[in-house]
Amino acid sequence: MVGLGGLREVAASFVVPAPAGVAVRARLRVSMVDAAVLAEVGMFLGSLAAGDLAVRSRQGLEHDATAWAVRKRELTGVCSARWAGSITKATHDQWALARRGQAAELAWLRGQIAAVEARLARALGAKADKRAGLARGYDSRAEWHAKSRRLHALQSRLARVEADWAAGRVRVVRGGKKLAHLRHHLDAAGLDEQAWRERWRAARMFLTADGESGKRFGNETIRVTDTGQLSLKLPAALARLANAPHGRYQLDTAVAFQHRGTEWLDRITNNRAVAYRIHHDVVRDRWYVTASWQRTPAPVLPLSAALARGVVAVDMNDDHLAAWRLDIHGNPVGEPRRFCYDLSGSAAHRDAQIRHALTRLLHHTRHTGAVAVAVEDLAFSDGTSREKHGRNKRFRRLISRFPTAKLKARLAAMAAEQGVAVVAVDPAYTSRWGAQHWQQPLTSSTRKVSRHDAACIAIGRRALGHPIRRRTAPPPHDQSDRAGHRTVQARWEAQGREGSRPRIPGPRTRGVPPDSGAKAGDQRAQHRSGHTAEQQTWQQDSLPLSL
């Protein structure tokens, strides 16, 4: 939305609510016998999950509670009622996730088609006009022809997705589309068929059980006792593998949750629901169990209370987090800080780098005494297209790999555990106005302030409700008020306060011109004893020598 002066309207800042779910993971040091049993049970249940997903996909939009009950009843005969409930629920969640992905793809395709059509309609080499809403024209006839072909491909793809959306069809690959495509490029991946097959089977296994409050240790299907003993209910077709009463299989190893272990123990001791998932990491040849549960949502801290001790403003970048502490008046305190990370390599490496940087940021926040972190509410979902950034492939790759959603989710979860509030602000013009108003004044011979450091101040001031623009300097000494007047800042509720200062014709000072004012015609006041005439020189009496 565009506000006054052609600038985008700035949204209000808000406190990000803490996540309502918790997940912890522990390693299972299983024996060869236990690993073989887990693999057999997982592949059997995985085949049932694949068949149920196919049935759910064929039903499409005609699915209802009755159809769900029929699916669960059919699965109960070959496994158990609880396994059937977990499988049907996971299938429903997978179908809903794919449905949301279709909606996002529809929106993306329509946006791409609109952008290409707008540029095709312009003359070759035409400049963009943001005020008139006109896109830039393509540079050459060859590029125009290539984009017209791309437009037809996008329109054909949009027609297929719209047909699937109307029919309720979803396209899901159990095990992952990336791993499925890797089957045809084993040489490039450095794998043989057997190694790929093991990864494929591990990705398609199903060993997930939802918790039940009131049941023993919060889960009857996959049970972990307070001593760490793990056992699972075997499907009816695999009852021969049982080594414990009531058709259960008990592992030889014990489970120990190091992170949030006290909270997990408190839940299972009180028989509160805990969901478990067991999976196999083929690359490391390790088994893991993940426990997850829901918390009672904590009340969101009011914005004024979160900012009562100032804020640590953070500017997120591709290779580091720039941070600067601001007091309640919006003034930078201390020196800017930088927390670096490396987003190259595997997903696990990138995730570890982000966690480490956020940990150091939160420790710095608590050390400064602040209880709030201000970040930009960034979303690069529509900013990576070729139509928006042209041939700047390096910049498109940079913003494509920048994990804005994961970083914000990680920060909200980790800050909640440290008692730090996360304040999200509108990212409009923070880098530009921060560099314009704060970079040069804060730079000195002993301190180099970067554009990212200046953006931190803009982010923090916007979170605190102050305008980004600095207080203007006093007028020069050749004006009548002799540097006594200083322009005040705009109030936070004033419209257009973040924009450029309007040019007001006339004198720039508030000094009263000569021969005007309340006593301009009172000549007695000009010459009366005790009054100083406007054109008279003032002279101080000498001090008495007796004092």
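Author: Buried means under 20% relative accessible area, exposed means over 50%, and partly exposed is in between (1.4 Å probe, protein chains only). This is a predicted model, in which local features need pLDDT of at least 70 and side-chain atom pairs count only at 80 or more, while totals for chains, interfaces and linings use all residues. Residues are numbered from 1 along each chain as its sequence is written, and side-chain values use heavy atoms, without hydrogens and water.

Reader: What is the angle between the planes of Trp 196 and Trp 200?

Author: Planes under 30 degrees apart count as stacked, over 60 as edge-to-face, and the rest as tilted. Trp 196 and Trp 200 form a stacked pair, with centres 5.4 Å apart. The angle between their planes is 15°.

Reader: And how far apart are the ring centres of Tyr 429 and Trp 433?

Author: This aromatic pair is stacked too, with 25° between the planes of Tyr 429 and Trp 433. Centre to centre, the distance is 4.8 Å.

Reader: Which helix holds both Trp 196 and Trp 200?

Author: Helices are DSSP runs (H or I, at least four residues), numbered from the N terminus. Trp 196 and Trp 200 are both buried. They sit four residues apart, about one turn of the helix. Their helix spans residues 193-204 and is α7.

Reader: Which ring does Arg 99 lie over?

Author: A charge sits over a ring if NZ of Lys or CZ of Arg is within 6 Å of the ring centre and within 35 degrees of the ring normal. Arg 141 lies over the face of Trp 144, at 5.3 Å from the ring centre. Arg 99 is 3.7 Å from the centre of its ring, that of Trp 165.

Reader: Why does Asp 453 count as buried?

Author: Asp 453 lies in helix α15, residues 451-464. Asp 453 counts as buried because its relative accessibility is 7%.

Reader: How far is Asp 453 from Gln 439 in space?

Author: In sequence, Asp 453 and Gln 439 are 14 residues apart. In space, C-alpha to C-alpha, the distance is 7.7 Å.

Reader: How many disulfides does the search find?

Author: A disulfide is a pair of cysteine sulfur atoms within 2.5 Å. Cys 340 is partly exposed at 45% relative accessible area, whereas Cys 456 is buried at 0%. Across the whole structure, the number of disulfides found is zero.

Key:
Rings of Phe, Tyr and Trp (its six-membered ring) pair if their centres lie within 6.5 Å; planes under 30 degrees apart count as stacked, over 60 as edge-to-face and the rest as tilted. Helices (H or I, at least four residues) and strands (E, at least two) are DSSP runs, numbered from the N terminus.
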